[in-house]
Amino acid sequence: MLRRKKAEDAQKSLNPPPWKFGRRITGFVYLVVAFCAMVACLAMQAQTTPVSNVEATTAPLASPAGIAYDASGNMYFADLNNHVVRKVSAAGIITTVAGTGEQGFAGDGGSATSAWLDSPVGVAVDRVGNLYISDSHNQRIRRVSGGTIATIAGTGVAGFSGDGGAAVLATLSHPTGLAVDTGGNLYVADTDNHRIRKISGTTITTVAGSGEQGFAGDGGPATAAWLDSPDGVAVDATGNLYIADTHNQRIRVVSAEGTISTIAGNGSRAYAGDGGSAVAASLARPRGLSVDALGNIYFADSDNNRIRLIATTGIITTVAGNGSQGDGGDGGSALDATLDTPRATAVRALGIFDLSDTHNDIIREVGLNGLIYTIAGISLVSGESLTLSGPASVVYGSGSLMSTFSNYGLTATGQVNLLDITSGSTVVGSATLSANTATLSSSTLSAGMHRLVLSYGGDGQNAAITSGVFVLTVDVLPITATANGVSVPFGQAIPTLTGTLTGVLPQDTGNVTAVFATTATSTSPFGSYPITVTLAGTSAANYKVTLTANSGNVIIGKTASTVTLTSSNIAPFFGSPVTFTGVVASSTTGTPTGTLSFLDGTTFLATVVISSTGSATYTSSALAVGTHSLTAVYSGDTNFAASTSPAVIESVTDFTLVINGTSTQTVNPGEVASYNFAVQSGGTPGAITFTASGLPPGAAATFTPATIPAGSLTTAVGLSIQTAGLQAVNRRSALPSQIPLLPLSAVFLLPLLGGRRIRASLARMPRTLLVVIAGMVMLGLSGCGSGGFFGNSPKTYTITVTASMTGATTLQHTATITLTVQ
């Protein structure tokens, strides 16, 4: 039976009933249709892949949401319905930095541009450039670091769990707004969990909201408060956390201490209160918000189609949007513009903010002047368009931009104006439309980045219109300069440096000058120093100058030096110390270093290191008597040339001992011999004393004066030699044989002369005989033929007179005299 049943079933499958066959055909058709629909969908997706590397105002967006800026001025935003995150560079070029455009979840650990996202809403950038994304429908927070994407919070399952643990294990429910504080902590609007959560490191916690949907808790701990679908967060520099409590129609703040309060919104969903207290105002679904450096809060009052500002004073005002829902107003006052459900704000600079005009699919900016422009996305007002195109960068003084108008084939007449809205709004050019196009020169734009828009005033059949923002970078124009070299000696002030400048445009004649400079100064050492050049003048910032290869340098040469030599005494007494002082001076400024060598003629004396004051001394007491020519020779150093002093003539003197009058005398014993001398001292440093040697026996020498005081000039000196008397001489003749006979016989005759009779006889003697007798007596007394007194022979003495000066040096001079004693 079983085998038969199987056979029947097989037969039925081969021959189905007609109605069954029809059902199969119909099912097949359905499959084909479904397949074709899928192919068409894939084709559509392929056709709508977000464009990159184009001007941001030419790229279509799809419900842009959260906006953030990095430290370099690049803007990031969540292109929500395109499922990507975009970047607009400071030059206005748009690129995709995360997501392929595919809706889904994939790609962690790989390139962010290959990942899949699902309806990203919020973005934030930390101080080191990490990009954070609230991947809302994937229930995750993802981070792009170095181009690689990873999940840092959320499991992908909607729910609430994980506080106090690893953020990647926690569950979120429709995360939207993001903010990063100065410490790198990330705050997340966990919208459908009615909480604000904080990711610090890898740990997640709740910092506001108990999870109850509603409004409660002001004045108490933020974690005990009730929130309702918060959609935006922001944090200021002091740690205050601001929350767009969206369905409570309020803006709330959590202080650094954790207390929550309302700062804007009375809870009613409406528009009211501008110009008054923010807490009394009515809001309608407030969403993304941001804080400027002063503490002013910008927020998207979404259903009021406005951007509103809460000043630090607590007053609320509208800063963009007239309340009407629509697209319009570019180029005019932001207060007159029409917005469509703006979702987020971001402060670009003080007084300048951006907003995501979400349902208009554009990002707009309001400048310091209060004018509004589209900076990303394509703004479409009816069928009329005005675009500005051209190169992304030009060199100063060159280039042009193209204006193109379109309005369903209508031809516009009149002119378009080119406005620079970088700061304010300035007309920088204009041109007349011809066949709906016009060329505008960019040659007058200064170097730097310019945010440009076109403005057309309209004509009889075309309305006035303003283009989106076109970012043009004007590069500086390279020019050259040639510096004139100079040579100066060390210590001399550097003269004003000059040169030539080549390449300045005629329009800037007189507005650009070259300023040549050097690091060399009057105190820079010997060497070569380069000359640099900078530009000055009102147009200097438009040029970049470089020096040509044949530019000169500043050459610091050795400067001349002079040496002055002085003597402590140009006429010293021999042996006296003399100090020579050499001073080296610069012919400009500075103090030479090195050594001074002292020379006596060509004879080297000494080398002395120069002091810090430029001087050196040398002392000598060894200069010989006579004239000396002394010089000081400077060695030179790195900065100073060698030099030699003028000669100092040094005359070294000595005293002299000169005999005045006769130097030879003859005296009898007991007599005094006198001699005269002259001492020429020239002012001796010490006293002069005298001695005599070689005197006759028993003689005594006396000098008058006995001493010549120091410092005396020419002095007369007398020498008296007292010879020994006769008694002293006779004592030396003790032998009888030495007594002359005749004198002795005469002695014996003396008594005879005493008698009267003898005297009478002598009277009768012939006179001739008496003369003979007397002569004999005298002859005996005179030595009896020896020539000496009492027979002594005359003796001649050579006497040496010595004059001595004792001081630092002992000096002696002698004179020789002759004395003969009879």
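**Rings, strands and spaces in a predicted model**

Guide: The structure, which is a predicted model, holds seven aromatic pairs.

Visitor: Why is the pair formed by Phe490 and Phe640 called edge-to-face?

Guide: Ring centres must lie within 6.5 Å for a pair, and planes over 60 degrees apart count as edge-to-face. Phe490 and Phe640 have 5.1 Å from centre to centre and 80° between the planes.

Visitor: Why is the pair of Phe690 and Phe703 called stacked?

Guide: Planes under 30 degrees apart count as stacked. The planes of Phe690 and Phe703 stand at 25°, with the ring centres 5.5 Å apart, so this pair is stacked. Phe690 lies in strand S53 (residues 688-693) and Phe703 in strand S54 (residues 700-704), so the parts tied together are 13 residues apart in sequence. Phe690 and Phe703 are both buried.

Visitor: How do you know that the charged end of Arg250 sits over the ring of Phe215?

Guide: The distance condition is that CZ of Arg be within 6 Å of the ring centre, and the direction must be within 35 degrees of the ring normal. The charged end of Arg250 is 3.6 Å from the centre of the Phe215 ring, over which it sits. The charged end of Arg306 likewise sits over the ring of Tyr271, 3.6 Å from its centre.

Visitor: Why are strand S1 and S2 said to stand at the edges of their sheet?

Guide: The open sheet of five strands has the order S1-S5-S4-S3-S2, with antiparallel pairing. Strand S1 (54-55) and S2 each have a single partner strand, so one side of each is left without a neighbour in the sheet. Within this sheet, four bridges join strand S4 (residues 84-88) to strand S5 (residues 93-98), and Val85 has Ala98 as its bridge partner.

Visitor: What lines the largest pocket?

Guide: The largest pocket holds about 1,100 Å³ of space. Of its 47 lining residues, the closest to its centre are Tyr69, Val125, Val180, Val235 and Val291. S22 gives the most to the lining, with six residues. By class, the lining has 24 nonpolar, 14 polar and nine charged residues.

Visitor: What makes a space a cavity and not a pocket?

Guide: In a cavity a 1.4 Å probe fits but cannot get out, whereas a pocket is open. The search of the whole structure finds one cavity of 30 Å³ or more. About 80 Å³ of space lies in the largest cavity, and its lining includes Ile352, Glu365 and Tyr373.

How values were computed
Residues are numbered from 1 along each chain as its sequence is written. This is a predicted model: local features need pLDDT of at least 70, side-chain atom pairs count only at pLDDT 80 or more; totals for chains, interfaces and linings use all residues. Side-chain values use heavy atoms; hydrogens and water are left out. On a 1 Å grid over the protein atoms alone, a cavity is a set of points where a 1.4 Å probe fits but cannot get out, and a pocket is an open set with protein on both sides within 12 Å along at least five of seven lines; lining residues have an atom within 4 Å of a point. Grid points are joined across faces, edges and corners, and a volume is the space filled by probe spheres set on the points. Helices (H or I, at least four residues) and strands (E, at least two) are DSSP runs, numbered from the N terminus. Ala, Val, Leu, Ile, Met, Phe, Trp, Tyr, Cys and Pro count as nonpolar, Asp, Glu, Lys and Arg as charged, and the others, Gly among them, as polar. Two strands pair if DSSP finds at least two bridges between them. Rings of Phe, Tyr and Trp (its six-membered ring) pair if their centres lie within 6.5 Å; planes under 30 degrees apart count as stacked, over 60 as edge-to-face and the rest as tilted. Buried means under 20% relative accessible area, exposed over 50%, partly exposed in between (1.4 Å probe, protein chains only).
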